[in-house]
Amino acid sequence: MPSTVLILGATSDMAVALAKKFASKGHNIQLAARNAERLKSLQSDLSIRYNITSSIHEFDAVKFEQHQSFWDSLNPKPDITISVMGYMNDNDKVIAEQGETLKTIHTNYTGPVSILNIAANEYMAKQQGTIAGISSVAGMRGRQSNYIYGSAKAGFTAYLSGLRNKLFHHKVHVLTVLPGFVYTKMTEHLNLPKLLTAQPENVADAVYKGIQKKKNIVFVKWFWRWIMLIITSVPEFMFKKKKL
Amino acid sequence: MTKKDIANWGNYPVIESDEKSVSFTNDIQQYAATTKNFIARGNGRCYGDASLAEQTISTLKYDKILSFDTEKGILECESGLTLDKILEVIVPKGWFLPVTPGTKFITVGGAVASDVHGKNHHVDGSFSAHVMEMDVILASGEMITCSPSSYTDLFWATCGGMGLTGIIGRVKFDLKKIESSYIKQKQVKAKNLEEVIRLFEEYKHYTYSVAWIDCLKKGKNFGRSILILGEHAKQDELPENKKKEPLKLPAKKQITFPFTLPSFVLNTFTVKAFNFLYYGKNFKREINNVVSYEPFFYPLDAILHWNRGYGKKGFVQYQFVLPLESKQGLIEILQRISDQGLGSFLAVLKVFGKQDDLISFPMEGYTLALDFPVRKGLFEFLDQLDQVVLKYGGRLYMSKDARMDPSVLKAGYKRLPEFMDIVKKYNPEARIRSVQSDRLALTTN
């Protein structure tokens, strides 16, 4: 029986790449996003290209009260749940407007935790299943240019780490994905260094491989592990003076 | 927004632009309604300055297949989908593109906006002949569905209209039935121009025909060529080892041109040497074989970034069409190129069938496409060629153009005023405009 993959936050470029990757390997795909109307074209594309079944579902990361009924409505229940949700705006705006602050935190942390808990409980009871969370290297150290987003991702990374530890004892695999820079619509306005920046397809490949090989943490481009090692090693008294 | 340098396939000109990617129709509508001086941009495989502007909206992420009727052979997709991706889906199901240019790395939106043609123009017409309907997002943000029977003015001004009527959204077009993914190919050597023109006539029943022509040869071998003909191979025409999987996709074999060659590498001597080898490789006068569709239609796609071979300054492709009765014009132009010593690696000759659309390039006659690296004196020389083209009642292809004078466009396209009226109707403030449309005075303030 082909397994089913649920993609949360399915309108992003990374989600599209992930959906294509898993569909190309024969998995059925459940696409979930706030504006399900927007998923129709991807749904038809996946079914035509890869001859798989794909369905679309309305899901809002910040409408916590609806998460349980959303999960209950999924049929079949996904074998793999991937959280791709994320929201990043200009940090100055995010700290100036409370609405933006909360949106950043909820979309990157509270929302994913709320829905993944529901998935985790089910997987734990069944003693099988896979959860993958797309977090960010931005969560590894707070920087003045991006610390609201970064702190939310830091929370998410810590959550995934704890979840992995807990679910390991219930035969459930949890994968943390830490992409560095990725060329997407979200980052298009930034001038990203070409050598350090991945394509959404690289992220999809890394997630697919990470799940196959039951990895714990994957960096999409290998050198990010070392870049972050350096960044996290700088003593705070020096780091605070930097303009990062 | 950050500006970045963009250029099309000829690497000339290079301009700074704000590029914005979109994935959803309503984002395109919002962009159109709120942005000034922009043009839609696909994979940047036109050669000149079309699809370049201060602001560009990239459709490359707007690339979903919306429906595929495998019984009737009808495909419906978003405009940013490239032909190579389409082939991967349709070929295994026994369908092929109705019309394809010499590269598969163009988007469907680009195919419509340039109204591209292929080696089968004399049989199947250009791409627009196969478009059943499409959505166009106007500068106002409004979306209109047009077809050969509805909003016909918008439809015909969008086919070949270089993106000036609006942003092409969804496109629905018909496909060609095939029994195999292979082509039954025939190559015939012609000693000179006279002979190749006679051969085109002799083999006009072939679905696909095109000739590579050596434009540096003088004397009795003036215009020596290789005529390349093809038909989709039927299942029973395949060699035994291919019969098992007749619709197999070709293996992906690609090499990348690693760096930009210095401009001086291309000169009369190297072009002559290349032509000598290319003509000489066909030892026999006639070769018949069965090949995959890939090398037949897309020989250059095997080398990614082959345009780097023309150096940093880039190159222009010069493509014109002359009416059938103007064979003399073809001789005159080839003569001038040969005298000038401005040979081109890729000189491609093709006979177009009948077509008389609003702004599309093809019309019945001979079309010749040539590559010239950008160098001193080239544009002056091409200006002279323009006059010869016009003298014989011909015109130039806008998708290849980066330099012609507005007067040349006007003289070549008799229905240009009608086209411009339609553009004004749907794009009244000329907010949709490109470097090319400004240069050619198609859009003015």
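Student: How many helices and strands does chain A have?
Tutor: This is a predicted model, in which local features need pLDDT of at least 70, side-chain atom pairs count only at pLDDT 80 or more, and totals for chains, interfaces and linings use all residues. Residues are numbered from 1 along each chain as its sequence is written, while chains are lettered from A and ligands numbered from 1 in the order in which they are written. Helices (H or I, at least four residues) and strands (E, at least two) are DSSP runs, numbered from the N terminus. On this basis chain A has nine helices and seven strands.

Student: What radius of gyration does chain A have, and how does this compare with the globule rule?
Tutor: The radius is taken over C-alpha atoms, and the rule is 2.2 Å times the number of residues to the power 0.38. For 244 residues the rule gives 18 Å, and chain A is close to this value, so it is as compact as a globular protein of that length. Its C-alpha trace spans about 55 × 40 × 35 Å along the principal axes. The radius of gyration of chain A is 18 Å.

Student: Is Lys243(A) buried or exposed?
Tutor: A residue is buried if 20 or more other C-beta atoms, placed from the backbone, lie within 10 Å of its own, exposed if 12 or fewer, and partly exposed in between. Of the 244 residues of chain A, 43% are buried. Lys243(A) lies in the segment after helix 9 (236-239) of chain A. Because Lys243(A) has 6 C-beta neighbours inside 10 Å, this residue counts as exposed.

Student: Which helix of chain A gives the largest share of the side that touches chain B?
Tutor: Two residues are in contact if their C-beta atoms, placed from the backbone, lie within 7 Å. Twelve residues of chain A are in contact with 14 residues of chain B. The largest share on the chain A side, six residues, comes from helix 2 (residues 40-50).

Student: How is the side of chain A that touches chain B divided by class?
Tutor: Ala, Val, Leu, Ile, Met, Phe, Trp, Tyr, Cys and Pro count as nonpolar, Asp, Glu, Lys and Arg as charged, and the others, Gly among them, as polar. The division is two nonpolar, four polar and six charged residues.

Student: Which residues touch the most other members of the largest nonpolar core?
Tutor: A nonpolar core is a set of buried Ala, Val, Leu, Ile, Met, Phe, Trp, Tyr and Cys residues joined through C-beta atoms within 7 Å. The largest one has 122 residues, and strand 18 (residues 315-323) of chain B gives the most to this core, with six residues. Domain 1 (3-58) and domain 2 (65-178) of chain B both give residues, so the core lies between them. The members that touch the most others are Val112(B) and Val196(B).

Student: Which element gives the largest share of the side of domain 1 of chain B that touches domain 2 of chain B?
Tutor: The domain bounds come from an automatic or database domain assignment, and the C-alpha centres of these two domains lie 19 Å apart. The contact takes 15 residues from domain 1 and 20 residues from domain 2 of chain B. On the domain 1 side, the largest share, six residues, comes from helix 1 of chain B.

Student: Which strands are the edge strands of the open sheet of eight strands in chain B?
Tutor: Two strands pair if DSSP finds at least two bridges between them. The sheet has antiparallel pairing and the order 16-12-14-13-19-20-18-21. Each edge strand pairs on one side only, and these are strand 16 (286-292) and strand 21 (395-396) of chain B.

Student: Which residue stands opposite Trp212(B)?
Tutor: Strand 13 (residues 208-213) and strand 19 (residues 347-352) of chain B run antiparallel and are joined by two bridges. In strand 19 of chain B, the residue opposite Trp212(B) is Val348(B).
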